[in-house]
Amino acid sequence: MAKKSIADVDVSGKKVLMRVDFNVPLDDASNITDDRRIRMALPSIESVLDRGGSLILMSHLGRPKGQVKLEDSLKPAAEKLAELLNRDVAFASDTVGADAQAKVAALEPGGIVVLENVRFASEEELKDEAESTTDEQRAAKKAFAEKLGSFADIYCNDAFGTCHRAHASMYTVPLLMEGKPKTVGFLVQKEIQYLNDAISSPERPFIAILGGAKVSDKIKVIKNLLSVCDKVLIGGAMAYTFSLAQGGKVGQSLVEKDKVDLALELIKEGGDKLVLPIDTHCGDEFKNPDCNKVVVSAGEIPDDYEGFDIGPETAKMYADIVKSAATIVWNGPMGVFEVPPFDAGTKTVAEAIAESDSISIIGGGDSAAAIQQFGLADQVSHVSTGGGASLEMLEGKTFEALQVIDEA
């Protein structure tokens, strides 16, 4: 899925409309508590500025649902960007209104303006195909997208975290920018390279490690990866649904009783490819590191206990499998990694991935948080910036937001 990069386009003297992901966490005083998402957009931003282009940045923050909410303003993000770039960054108090139009019109080469939260406009998340959407709403969405598109000569998508959403700023805007270059930034380009291209033609053995709470959340991912992987290793709370399906005792563990038949179907379909835990680390009180603990064989969890992590034998087995891999995809922790000692399984697997010579892809969300927590992020090939988006790409879904981008 090779897409035209912003690096492939002459931006000198041009205005670039770039969709970024500045959905940063803020405290009660609107201070940014983690600026990682802004820093990850810097290479694409600096590429345009260094080559004499000017930038109009648009992003969402939070879930204002078409309402103007001061606590979801992008002004703190604009201020942080100015600090990181050590240059002036203008901030428009609206998205397509008078202030945005004036700030965009005033842009000089090397200039940059951040528009206010695109989700303050109800048109941003409007679903064209929904039965409840009126023709008037569709027309309003088109007008909103056309105004954004009219601001610039070039479109750039560098917001992988929302690439699975066909929102106005992600899909409708580039769709309507006919005759203008439509590109991806370096962040999205890297995500495509690893999550799509590396998986479509992987070096083998290709091992997937899937954790998390629910089989239902990962069913399509499991099915897709079973069709392309050599082994799929299962951890996290969803392992207990598989255990229940095999007639095991799961105590108070989190299970999806209505997904037992589905788990059985996957066990049958996966055969030797699907690898399940052989032991479990249990406790009798959730998120209490001082609770009573016991390690038992898989399917033998005592009635008053709950499975919180894969056991040490499973962790060793998974680490040994990982060491032989040429390509690894990991999505979802092996247990309650936030609470020692129930972080042990996740940590053992993470260390094995970091120590391997494989192409290693960490699929966002809790897996990314875990690899950061263990200080191993710089020892893997790629840590995805999009939890939901990476999951859907691992399912094999196509993204409308990427289909409208020019081919390389």
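Helices (at least four residues) and strands (at least two) are DSSP runs, numbered from the N terminus. Counted that way, the protein has 14 helices and 17 strands. Welcome to this structure, which is a predicted model.

**The protein as a whole**

- The C-alpha trace spans about 70 × 45 × 45 Å along the principal axes of the protein.
- For 408 residues, a compact globule would have a radius of gyration near 22 Å, and the 23 Å of the protein agrees with that.
- Of the 408 residues, 55% count as buried.
- Take the contacts between residues at least 6 apart in sequence: 73% of them join residues at least 24 apart.
- The protein exposes about 17400 Å², and carbon and sulfur atoms supply 46% of that area.
- Among the side chains, 43 are positive and 64 are negative. The centres of these two sets lie 3 Å apart.

**A cluster of aromatic rings**

- A pair of aromatic rings is described by the distance of the centres and the angle of the planes.
- Searching the whole structure turns up two aromatic pairs.
- One of the pairs is F286 with F308: the ring centres are 5.7 Å apart and the planes meet at 50 degrees, so this pair is tilted. Planes under 30 degrees apart would count as stacked and those over 60 as edge-to-face, with the rest called tilted.
- This pair links distant parts of the chain, 22 residues apart. F286 sits in the loop between β11 (279–283) and β12 (293–297), while F308 belongs to strand β14 (residues 306–310).
- F286 is partly exposed, with a relative accessible area of 48%, whereas F308 is buried, at 2%.
- F308 also pairs with F342: here the centres are 5.0 Å apart and the planes stand at 70 degrees, so the pair is edge-to-face.
- Because F308 lies in strand β14 and F342 in the loop between β15 (327–331) and α11 (344–355), this pair ties together parts that are 34 residues apart in sequence.
- F342 has a relative accessibility of 1% and counts as buried, since the cut-off for buried is under 20%.
- Taken together, F286, F308 and F342 form one aromatic cluster.

- Look for I207 in strand β7 (residues 206–210).
- I207 is buried, and its relative accessible area is 2%.
- Neighbours within four places in sequence aside, I207 is in contact with K231, L233, I321, A325, T327, I328 and V329.
- V20 is 187 residues away from I207 along the chain, and the C-alpha atoms of the two are separated by 31 Å.

- Helix α8 (residues 238–245) holds S243.
- With a relative accessible area of 13%, S243 is buried.
- Not counting residues up to four places away in sequence, S243 touches G248, V250, A298 and G299.

**Two cis peptide bonds**

- R204 and P205 are joined by a cis peptide bond, with omega at about 5 degrees. P205 lies in the loop between α6 (186–200) and β7.
- P340 and P341 are also joined by a cis peptide bond, and omega is about 10 degrees there.

**Two residues with positive phi**

- K65 is not a glycine, yet its phi is positive, at about 55 degrees. You will find K65 in the loop between β2 (54–58) and α2 (75–85).
- K65 counts as exposed, with 58% relative accessibility.
- N86, not a glycine either, has a positive phi of about 55 degrees. The loop between α2 and β3 (90–91) is the place of N86.
- N86 is exposed, and its relative accessible area is 71%.

Key: Residues numbered from 1 in each chain as written. Predicted model: local features only at pLDDT ≥ 70, side-chain atom pairs only at ≥ 80, totals over all residues. Heavy atoms only, no water. Phe/Tyr/Trp six-rings, centres within 6.5 Å; stacked < 30°, edge-to-face > 60°. Buried < 20%, exposed > 50% of the residue type's maximum accessible area, 1.4 Å probe, protein only. Rg over C-alpha atoms; globule rule 2.2 N^0.38 Å. Contact = heavy atoms within 4.5 Å. Areas by Shrake-Rupley, 256 points an atom, 1.4 Å probe, with all protein chains shown as cover. Lys, Arg positive; Asp, Glu negative; His and termini not counted. Charge placed at Lys NZ, Arg CZ, Asp CG, Glu CD.
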